[in-house]
Amino acid sequence: MLQPNILLTGTPGVGKTTLGKELASRSGLKYINVGDLAKEGQLYDGYDEEYDCPILDEDRVVDELENQMKEGGVIVDYHGCDFFPERWFHIIFVLRTDNSILYKRLETRGYNEKKLQDNIQCEIFQVLYEEARASYNEEIVHQLVSNNPEDLESNINQILKWIEQWMKNHSC
Ligand code: DAT
(Lines give C-alpha, C1' and ligand atoms only; values in the text may rest on other atoms or scores of the structure.)
Protein backbone atom coordinates (compact mmCIF):
# COMPACT_ATOMS: atom_id res chain seq x y z
CA MET A 1 0.00 0.00 0.00
CA LEU A 2 1.64 3.23 -1.12
CA GLN A 3 -1.00 5.74 -0.10
CA PRO A 4 -2.86 6.05 3.21
CA ASN A 5 -6.58 5.72 3.84
CA ILE A 6 -8.17 8.67 5.63
CA LEU A 7 -11.55 8.88 7.36
CA LEU A 8 -13.36 12.21 7.61
CA THR A 9 -16.20 12.03 10.10
CA GLY A 10 -18.38 14.36 12.17
CA THR A 11 -21.93 15.66 12.47
CA PRO A 12 -23.72 16.43 9.17
CA GLY A 13 -22.85 19.96 8.04
CA VAL A 14 -19.38 20.25 9.61
CA GLY A 15 -17.73 20.27 6.19
CA LYS A 16 -16.60 16.70 5.47
CA THR A 17 -17.61 16.78 1.81
CA THR A 18 -16.09 20.20 1.17
CA LEU A 19 -12.80 19.19 2.79
CA GLY A 20 -12.76 15.68 1.29
CA LYS A 21 -13.28 16.80 -2.31
CA GLU A 22 -10.71 19.58 -2.09
CA LEU A 23 -8.23 17.27 -0.41
CA ALA A 24 -8.75 14.63 -3.11
CA SER A 25 -8.18 17.12 -5.90
CA ARG A 26 -4.98 18.44 -4.30
CA SER A 27 -3.54 15.09 -3.16
CA GLY A 28 -4.59 12.74 -5.94
CA LEU A 29 -6.26 10.44 -3.41
CA LYS A 30 -9.73 9.12 -4.19
CA TYR A 31 -12.76 10.63 -2.43
CA ILE A 32 -15.67 8.39 -1.46
CA ASN A 33 -18.87 9.73 0.06
CA VAL A 34 -20.53 6.76 1.78
CA GLY A 35 -23.97 8.39 1.69
CA ASP A 36 -23.75 8.77 -2.10
CA LEU A 37 -22.33 5.27 -2.51
CA ALA A 38 -25.26 3.82 -0.57
CA LYS A 39 -27.75 5.81 -2.61
CA GLU A 40 -26.26 4.74 -5.93
CA GLY A 41 -26.11 1.06 -4.96
CA GLN A 42 -29.30 1.15 -2.84
CA LEU A 43 -27.24 -0.31 0.01
CA TYR A 44 -30.12 0.05 2.45
CA ASP A 45 -31.73 -2.21 5.01
CA GLY A 46 -35.15 -0.74 5.72
CA TYR A 47 -36.40 2.75 6.53
CA ASP A 48 -36.19 4.72 9.77
CA GLU A 49 -39.59 6.35 10.24
CA GLU A 50 -38.53 8.46 13.21
CA TYR A 51 -35.57 10.05 11.43
CA ASP A 52 -37.21 9.90 8.02
CA CYS A 53 -34.25 8.34 6.24
CA PRO A 54 -33.19 4.96 4.86
CA ILE A 55 -31.15 2.67 7.13
CA LEU A 56 -27.67 1.94 5.85
CA ASP A 57 -26.84 -1.70 5.15
CA GLU A 58 -23.45 -1.50 6.84
CA ASP A 59 -22.26 -4.98 5.81
CA ARG A 60 -22.92 -4.30 2.13
CA VAL A 61 -21.17 -0.92 2.36
CA VAL A 62 -18.10 -2.61 3.87
CA ASP A 63 -18.15 -5.33 1.16
CA GLU A 64 -18.48 -2.69 -1.54
CA LEU A 65 -15.46 -0.73 -0.28
CA GLU A 66 -13.16 -3.57 0.77
CA ASN A 67 -11.08 -3.89 -2.42
CA GLN A 68 -10.47 -0.17 -2.78
CA MET A 69 -9.51 0.15 0.87
CA LYS A 70 -7.00 -2.69 0.47
CA GLU A 71 -5.37 -0.79 -2.38
CA GLY A 72 -5.09 2.37 -0.28
CA GLY A 73 -5.27 6.06 -1.16
CA VAL A 74 -8.93 6.54 -0.22
CA ILE A 75 -10.59 9.42 1.62
CA VAL A 76 -13.85 8.17 3.16
CA ASP A 77 -16.56 10.65 4.22
CA TYR A 78 -19.33 9.53 6.58
CA HIS A 79 -21.16 10.72 9.71
CA GLY A 80 -20.41 7.48 11.50
CA CYS A 81 -17.50 5.11 11.75
CA ASP A 82 -18.11 2.25 14.19
CA PHE A 83 -18.92 -0.30 11.48
CA PHE A 84 -15.81 0.21 9.33
CA PRO A 85 -13.02 -2.32 9.96
CA GLU A 86 -10.41 -0.78 12.23
CA ARG A 87 -7.59 -1.92 9.92
CA TRP A 88 -8.87 0.27 7.06
CA PHE A 89 -7.75 3.68 8.32
CA HIS A 90 -4.36 5.19 9.00
CA ILE A 91 -5.78 8.42 10.38
CA ILE A 92 -9.17 9.78 11.38
CA PHE A 93 -10.25 13.40 11.40
CA VAL A 94 -13.36 14.42 13.30
CA LEU A 95 -14.51 17.82 12.06
CA ARG A 96 -16.03 20.16 14.64
CA THR A 97 -18.15 23.29 14.13
CA ASP A 98 -19.49 25.84 16.62
CA ASN A 99 -23.22 25.36 17.25
CA SER A 100 -24.42 28.70 15.93
CA ILE A 101 -22.49 28.25 12.68
CA LEU A 102 -23.62 24.63 12.29
CA TYR A 103 -27.22 25.64 12.97
CA LYS A 104 -27.13 28.16 10.11
CA ARG A 105 -25.58 25.65 7.70
CA LEU A 106 -28.22 23.03 8.48
CA GLU A 107 -31.01 25.60 8.30
CA THR A 108 -29.79 26.52 4.81
CA ARG A 109 -30.08 22.83 3.93
CA GLY A 110 -33.75 23.00 4.82
CA TYR A 111 -33.63 20.56 7.74
CA ASN A 112 -36.83 20.55 9.82
CA GLU A 113 -36.69 21.65 13.48
CA LYS A 114 -36.38 18.11 14.90
CA LYS A 115 -33.57 17.15 12.52
CA LEU A 116 -31.84 20.46 13.27
CA GLN A 117 -32.05 19.92 17.03
CA ASP A 118 -30.92 16.27 16.76
CA ASN A 119 -27.83 17.25 14.80
CA ILE A 120 -26.96 20.17 17.06
CA GLN A 121 -27.26 17.85 20.08
CA CYS A 122 -25.04 15.35 18.28
CA GLU A 123 -22.40 18.07 17.94
CA ILE A 124 -22.79 19.37 21.52
CA PHE A 125 -22.36 15.89 22.99
CA GLN A 126 -19.49 15.20 20.55
CA VAL A 127 -21.13 11.92 19.61
CA LEU A 128 -18.97 11.31 16.54
CA TYR A 129 -15.74 12.15 18.34
CA GLU A 130 -16.60 9.67 21.10
CA GLU A 131 -17.61 7.06 18.50
CA ALA A 132 -14.26 7.48 16.71
CA ARG A 133 -12.29 7.24 19.97
CA ALA A 134 -14.24 4.12 20.99
CA SER A 135 -13.78 2.44 17.59
CA TYR A 136 -10.12 3.21 16.78
CA ASN A 137 -6.76 3.65 18.46
CA GLU A 138 -7.13 7.07 20.10
CA GLU A 139 -3.71 8.07 18.83
CA ILE A 140 -4.95 8.22 15.25
CA VAL A 141 -8.13 10.21 16.05
CA HIS A 142 -7.78 13.98 15.62
CA GLN A 143 -10.28 16.83 15.87
CA LEU A 144 -10.26 19.67 13.34
CA VAL A 145 -12.11 22.94 13.77
CA SER A 146 -14.19 23.70 10.67
CA ASN A 147 -15.89 27.07 11.22
CA ASN A 148 -14.68 29.21 8.34
CA PRO A 149 -12.74 29.18 5.06
CA GLU A 150 -9.45 29.86 6.89
CA ASP A 151 -10.00 26.68 8.93
CA LEU A 152 -10.70 24.76 5.71
CA GLU A 153 -7.46 25.94 4.14
CA SER A 154 -5.41 25.19 7.22
CA ASN A 155 -7.00 21.73 7.59
CA ILE A 156 -6.21 20.91 3.97
CA ASN A 157 -2.59 22.00 4.35
CA GLN A 158 -2.20 20.07 7.59
CA ILE A 159 -3.57 16.86 6.05
CA LEU A 160 -1.51 17.28 2.86
CA LYS A 161 1.62 17.51 5.00
CA TRP A 162 0.58 14.41 6.93
CA ILE A 163 -0.01 12.48 3.65
CA GLU A 164 3.40 13.51 2.32
CA GLN A 165 5.11 12.38 5.52
CA TRP A 166 3.19 9.08 5.55
CA MET A 167 4.25 8.37 1.98
CA LYS A 168 7.89 9.15 2.78
CA ASN A 169 7.78 6.79 5.75
CA HIS A 170 6.18 4.02 3.71
CA SER A 171 8.16 4.27 0.47
CA CYS A 172 10.56 1.46 -0.28
P1 DAT B 1 -20.83 17.63 5.51
O2 DAT B 1 -20.25 16.90 4.32
O3 DAT B 1 -20.06 17.41 6.77
O4 DAT B 1 -22.30 17.40 5.69
P5 DAT B 1 -20.50 19.99 3.81
O6 DAT B 1 -19.11 19.85 3.28
O7 DAT B 1 -21.61 19.60 2.89
O8 DAT B 1 -20.66 19.21 5.20
O9 DAT B 1 -20.64 21.50 4.30
C10 DAT B 1 -21.88 22.05 4.74
C11 DAT B 1 -21.96 23.50 4.30
O12 DAT B 1 -21.00 24.27 5.00
C13 DAT B 1 -21.70 23.74 2.82
O14 DAT B 1 -22.55 24.78 2.39
C15 DAT B 1 -20.27 24.21 2.76
C16 DAT B 1 -20.07 24.87 4.09
N17 DAT B 1 -18.74 24.72 4.68
C18 DAT B 1 -18.07 23.55 4.84
N19 DAT B 1 -16.90 23.75 5.45
C20 DAT B 1 -16.82 25.09 5.68
C21 DAT B 1 -15.84 25.94 6.29
N22 DAT B 1 -14.69 25.46 6.80
N23 DAT B 1 -16.10 27.27 6.35
C24 DAT B 1 -17.26 27.76 5.85
N25 DAT B 1 -18.22 27.02 5.28
C26 DAT B 1 -18.00 25.70 5.19
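Which side-chain N or O atom lies 2.7 Å from an oxygen atom of the ligand? That atom belongs to Arg 109. Here are my notes on this contact and on what surrounds it.

1. **Ground rules.** This is a predicted model, in which local features need pLDDT of at least 70 and side-chain atom pairs count only at pLDDT 80 or more, while totals for chains, interfaces and linings use all residues. Residues are numbered from 1 along each chain as its sequence is written, and side-chain values use heavy atoms, with hydrogens and water left out.

2. A ligand nitrogen is 3.0 Å from a polar backbone atom of Asn 148. On its own the ligand has 550 Å² of accessible area, and the protein covers 73% of this (Shrake-Rupley method, 1.4 Å probe; for residues, only the protein chains shown count as cover).

3. **The shell.** Helix H1 (16–27) and helix H7 (149–169) are the elements that give two or more residues to the shell around the ligand; H1 gives the most, with three residues. Helices (H or I, at least four residues) and strands (E, at least two) are DSSP runs, numbered from the N terminus. There are 15 residues around the ligand, and Gly 13, Lys 16, Thr 17, Thr 18 and Arg 109 come nearest (a residue is near if one of its heavy atoms lies within 4 Å). By type, the shell has four nonpolar, eight polar and three charged residues. Here Ala, Val, Leu, Ile, Met, Phe, Trp, Tyr, Cys and Pro count as nonpolar, Asp, Glu, Lys and Arg as charged, and the others, Gly among them, as polar.

4. Val 14 lies in the loop between strand S1 (6–9) and H1, and is buried at 0% relative accessibility (buried means under 20% relative accessible area, exposed over 50%, partly exposed in between; 1.4 Å probe, protein chains only). Thr 97, in the loop between strand S6 (91–96) and helix H4 (99–108), is buried too, with a relative accessible area of 5%. Glu 123 belongs to helix H5 and is buried at 4%. Leaving aside residues up to four places away in sequence, Val 14 touches Thr 97 and Glu 123, among others (contact means heavy atoms within 4.5 Å).

5. **Helix H2.** Which residues of H2 (residues 34–41) are buried? They are Val 34, Leu 37 and Ala 38. These residues are on the same side of H2 because they cover an arc of only 95 degrees around the axis (the arc of the directions from the helix axis to the C-beta atoms). Lys 39 and Glu 40 are exposed on the other side. Among the packing partners of the buried residues are strand S2 (30–33), strand S3 (44–48) and helix H3 (58–71). At the N-terminal end, Asn 33 caps H2, with a side-chain oxygen 3.0 Å from the backbone nitrogen of Gly 35.

6. **Backbone angles to look at.** Most residues other than glycine have a negative phi. Gln 42, in the loop between H2 and S3, has a positive phi of about 50 degrees although it is not a glycine. Gln 126 has a positive phi of about 40 degrees; Gln 126 is in the loop between helix H5 (113–124) and helix H6 (127–135) and is partly exposed, at 28% relative accessible area.

7. **The segment after H7.** His 170 is found here, partly exposed at 40% relative accessibility. The side chain of His 170 reaches the backbone oxygen of Trp 166 at 2.7 Å. His 170 and Leu 2 are 168 residues apart in sequence, yet 6.7 Å apart in space, C-alpha to C-alpha.

Technical notes. Polar contact = N/O pair within 3.5 Å; in protein donor to acceptor, adjacent residues only side chain to side chain.
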